[in-house]
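Student: Please take a close look at the sheet in this model, and at the salt bridges that involve its strands.

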Amino acid sequence: MGSDCLFCRIVAGEIPATVVRETETTLAFRDIDPKAPVHVLVIPKEHYADVATLAQGDPALAADVLATSAAVAEDEGLLGDGFRLMFNTGVYGGQEVFHVHAHLLGGAPLGPMLARNLA
Ligand code: AMP
């Protein structure tokens, strides 16, 4: 993807980010506009638009994203009280950056899964 993608540019080091963990295939960095005391984004370095494309295209890489998310959760002290791991996907999911990212949220009670019950 490259220059048009914000998170590809973070991977390339062209845009600064507060990186908390890096592996051969993944990068984890703090969200610029945190919604919880801990808010880290975990991405594959390779560009996939969303979690469905990633899971279908490279399941092993999807597993790497989960493993890095769990490692960051441990580093941030979230394993005891728990956390939320979330992939906003597409228009209904409210996705704004189309390079797949897991939101790792924690450090306080996060409340209901959705602000409103849409069922
Ligand atoms: P989403 O709505 O799921 O696509 O989430 C995109 C997330 O990226 C939001 O939580 C933003 O605050 C975050 N974000 C946007 N730009 C940056 C950046 N340069 N560094 C870190 N996080 C960012």
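Tutor: The model is a predicted one. Its open sheet is built from five strands, ordered β1-β2-β3-β5-β4, with antiparallel pairing. β1 (19-22) and β4 (83-86) are the edge strands; each has a single partner strand, so one side of each has no neighbour in the sheet. On average, neighbouring strands of this sheet are turned by 20° against each other, direction ignored.

Within the sheet, β3 (residues 38-44) and β5 (residues 102-106) run antiparallel and are joined by five bridges. Valine 38 lies opposite glycine 106 in β5. Helix α3 (residues 59-75) lies across β1, β2 (26-30), β3, β4 and β5, and runs at about 155° to β3.

The structure has five salt bridges. One of them pairs glutamate 22 with lysine 45, with 2.8 Å between the closest N and O atoms. This pair links distant parts of the chain, 23 residues apart: glutamate 22 is in strand β1, and lysine 45 is in the loop between β3 and α2 (51-57). Glutamate 22 counts as exposed because its relative accessibility is 53%, where exposed means over 50%. Lysine 45, at 24%, counts as partly exposed.

Another salt bridge pairs arginine 30 with glutamate 76, the closest N and O atoms being 2.9 Å apart. Here too the pair links distant parts of the chain, with arginine 30 in strand β2 and glutamate 76 in the loop between α3 and β4, 46 residues apart. Arginine 30 is partly exposed at 34% relative accessibility, and glutamate 76 is partly exposed at 23%.

Conventions:
Residues numbered from 1 in each chain as written. Predicted model: local features only at pLDDT ≥ 70, side-chain atom pairs only at ≥ 80, totals over all residues. Heavy atoms only, no water. Pairing = 2+ DSSP bridges. Helix = DSSP H or I, 4+ residues; strand = E, 2+ residues; numbered from the N terminus. Axes fitted to C-alpha atoms, helices over the stretch in contact; angles between N-to-C directions. Contact = heavy atoms within 4.5 Å. Salt bridge = Lys/Arg side-chain N within 4 Å of Asp/Glu carboxyl O. Buried < 20%, exposed > 50% of the residue type's maximum accessible area, 1.4 Å probe, protein only.
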